[in-house]
Amino acid sequence: MSSVVSHQMLQQIGLIGIHADLIRQADGGDDLAAAVAQAKVNAAAIEEALGGVNRVLRDLLVFSRDLRLNLYEHRLADVLAECVEECQAQAAERAVTLRLEGPAEPTVVLDKLKMKQAVVNVLRNAIEASPPGSWVVVRGSTRDGWAEVAITDRGPGIPEPDRNAIFTPFFTTKEQGTGLGLAIAREFTEAHGGRITVESEEGTGATFVLHLPLRPAGWGSGQHAAR
Ligand SMILES: Nc1ncnc2c1ncn2[C@@H]1O[C@H](COP(=O)(O)OP(=O)(O)OP(=O)(O)O)[C@@H](O)[C@H]1O
Ligand SMILES: [Mg+2]
């Protein structure tokens with residue numbers, strides 16, 4: 001496990017211990033109501049720290065999962081619609097509008113769970129980077145044996161020196177981030193024989209593109225057609 005992540009988790013667990021200790025030592029004194037109120041504050045802090053540990057463990061679990069692909073033929077537009085649906089609540093919370101574009105017909109052979117996670121990880125970043133009132137566009141298209149999923153936001157963009165580093169595990173600029181989102185997205189895309197690229201002009205936003213072969217290696221006769 002990365003030392004950054006171990007450190008992050010130990011910090012959260014330390015916080016849990018401190019707040020549990022405060023609850024245990026509270027004797028109420030003269031003001032029982034105040035003691036109860038304080039215990040609730042401590043319990044809320046414990047819950048928040050547990051949430052942090054949970055998130056890190058979940059990401060690590062995904063990252064260490066085996067990369068065998070369950071390949072089936074899917075309509076690209078349907079898969080992307082599911083990704084957009086999954087992020088709708090987060091977008092609404094930040095007053096960001098999600099727009100899905102691209103033709104409805106093309107099909108792609110892929111591991112739906114894995115590619116949905118890859119797209120959702122990129123989409124969540126785009127929403128998190130977006131100013132309120134702006135749009136995030138998800139566009140799926142196909143060309144020359146390849147599918148392209150482009151996700152564009154109008155956030156601050158990515159500084160040139162960071163454009164490779166953002167894909168490495170544990171690189172994050174967010175207080176609550178684990179830095180595994182893009183590493184997972186890249187891992188899953190590359191497992192399909194594809195790649196992720198990013199274009200960004202600082203100040204005007206970023207476009208991440210997931211390039212996927214329409215029919216990845218390993219897709220042969222005898223497999224199911226569509227699901
Ligand atoms: N659309 C974007 N606009 C600006 N910066 C971005 C964008 N997407 C990613 N980044 C940068 O790349 C970093 C790494 O992203 P990544 O998704 O891997 O981790 P994270 O979002 O920080 O944490 P988490 O593990 O919760 O996803 C981010 O912290 C951010 O600095
Ligand atoms: Mg992320």
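A: An oxygen atom of ligand 1 lies 3.0 Å from a polar backbone atom of Gly 179; a polar contact is a pair of N or O atoms within 3.5 Å, and within protein one must be able to donate a hydrogen and the other to accept it, with residues adjacent in sequence counting only if both atoms are side-chain atoms. The protein covers 88% of the 590 Å² of accessible area that ligand 1 has on its own (Shrake-Rupley method with a 1.4 Å probe; for residues, only the protein chains shown count as cover).

This is a predicted model, in which local features need pLDDT of at least 70 and side-chain atom pairs pLDDT 80 or more, while totals for chains, interfaces and linings use all residues. Residues are numbered from 1 along each chain as its sequence is written, chains are lettered from A and ligands numbered from 1 in the order in which they are written, and side-chain values use heavy atoms, without hydrogens and water.

Side chains also make polar contacts with the ligand. For Thr 172, a side-chain N or O atom is 2.5 Å from an oxygen atom of ligand 1. For Asn 125, a polar side-chain atom is 2.7 Å from an oxygen atom of ligand 1. Both residues are among the closest of the 19 that surround ligand 1, together with Thr 173, Lys 174 and Thr 178 (near means a heavy atom within 4 Å).

By class, this shell holds 8 nonpolar, 8 polar and 3 charged residues (Ala, Val, Leu, Ile, Met, Phe, Trp, Tyr, Cys and Pro count as nonpolar, Asp, Glu, Lys and Arg as charged, and the others, Gly among them, as polar). Helices H4 (112-129) and H5 (181-191) each supply at least two shell residues, and H4 has the largest share, with 3 (helices are DSSP runs of H or I, at least four residues, and strands runs of E, at least two, numbered from the N terminus).

Ligand 1 sits in the largest pocket. A pocket is an open set of points on a 1 Å grid over the protein atoms alone, where a 1.4 Å probe fits, with protein on both sides within 12 Å along at least five of seven lines; lining residues have an atom within 4 Å of a point. To sit there, a molecule needs more than half of its atoms within 2 Å of the grid points. H4 gives the most to the pocket lining, with 10 residues.
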